[in-house]
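Subject: Structure handover

Hi,

Here is the structure I promised to pass on. Have a look at it first, then read on for what I found.

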Amino acid sequence: MLVVEEYCFYIQYFAMRKKLPDFRPVTRGELRRIWAEHPEMRRLVLEVERYRRVMAEIDGLYKSTHEAWRHKVGGNLVALHQLQALMAAERYRGADG
């Protein structure tokens, strides 16, 4: 059984590192249409919406952490700025109003 578990870990770890192809984000309008026209896909629509809300929450936590760091220590923390850049890219990638 251990061999199977090691194999599964290997597949999950290395397969997930592969870069995704570029694609246009799903808009809110498209999600609404999918929800209305394809009830069997509602769980997937909920997953996308949940992901977007989690990303917004992470962004808020980033802002709190950044403010506390600058207040207590001063200066900037490189990892926080990298996180901010990643969050901004993701937020604006999926922005459709």
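Tyr 62 counts as buried, at 5% relative accessibility (buried means under 20% relative accessible area, exposed over 50%, partly exposed in between, with a 1.4 Å probe and protein chains only). You'll find Tyr 62 in helix 3; helices here are DSSP runs of H or I with at least four residues, strands are runs of E with at least two, and both are numbered from the N terminus. Leaving out residues up to four places away in sequence, Tyr 62 touches Leu 80, His 81, Leu 83 and Gln 84, where contact means heavy atoms within 4.5 Å. Its C-alpha atom is also separated by 9.1 Å from that of Met 87, 25 residues apart along the chain.

Before you go further, a word on what this is. It's a predicted model, with residues numbered from 1 along each chain as its sequence is written. Local features need pLDDT of at least 70 and side-chain atom pairs count only at pLDDT 80 or more, while totals for chains, interfaces and linings use all residues, and side-chain values use heavy atoms, with hydrogens and water left out.

His 66 is another one to click on in helix 3. With a relative accessible area of 14%, His 66 is buried. Apart from neighbours within four places in sequence, His 66 is in contact with Asn 76, Leu 80 and His 81.

Now the helix pairs. Helix 3 and helix 4 (residues 78-93) pack at about 150°, their axes 10 Å apart; axes are lines fitted to C-alpha atoms, for helices over the stretch in contact, and angles run from 0 to 180 degrees between N-to-C directions. The two are therefore roughly antiparallel to each other (over 145 degrees; under 35 is roughly parallel, 65 to 115 roughly perpendicular and the rest oblique). Their crossing is left-handed, meaning that the near helix is turned anticlockwise from the far one by less than a right angle, and right-handed would be clockwise. Helix 3 brings residues including Tyr 51, Met 55, Ile 58 and Trp 69 to this contact, and helix 4 brings, among them, Met 87, Glu 90 and Arg 91. By class, the contact has eight nonpolar, four polar and three charged residues (Ala, Val, Leu, Ile, Met, Phe, Trp, Tyr, Cys and Pro count as nonpolar, Asp, Glu, Lys and Arg as charged, and the others, Gly among them, as polar).

On to the other pair: helix 2 (residues 28-37) and helix 3 (residues 42-72) pack at an angle of about 150°, with axes 9 Å apart. That makes helix 2 roughly antiparallel to helix 3, and their crossing is left-handed. Arg 28, Leu 31, Ile 34 and Trp 35 of helix 2 meet Arg 42, Val 45, Leu 46, Val 48 and Arg 52 of helix 3. This contact has six nonpolar, no polar and three charged residues.

Stepping back, the protein has four helices and zero strands. Of its 97 residues, 10% count as buried.

How far can you trust it? The average pLDDT (the predictor's confidence in each residue, from 0 to 100) is 80, and 79% of the residues score at least 70. Where pLDDT is low, the predicted coordinates should not be read in detail.

Cheers
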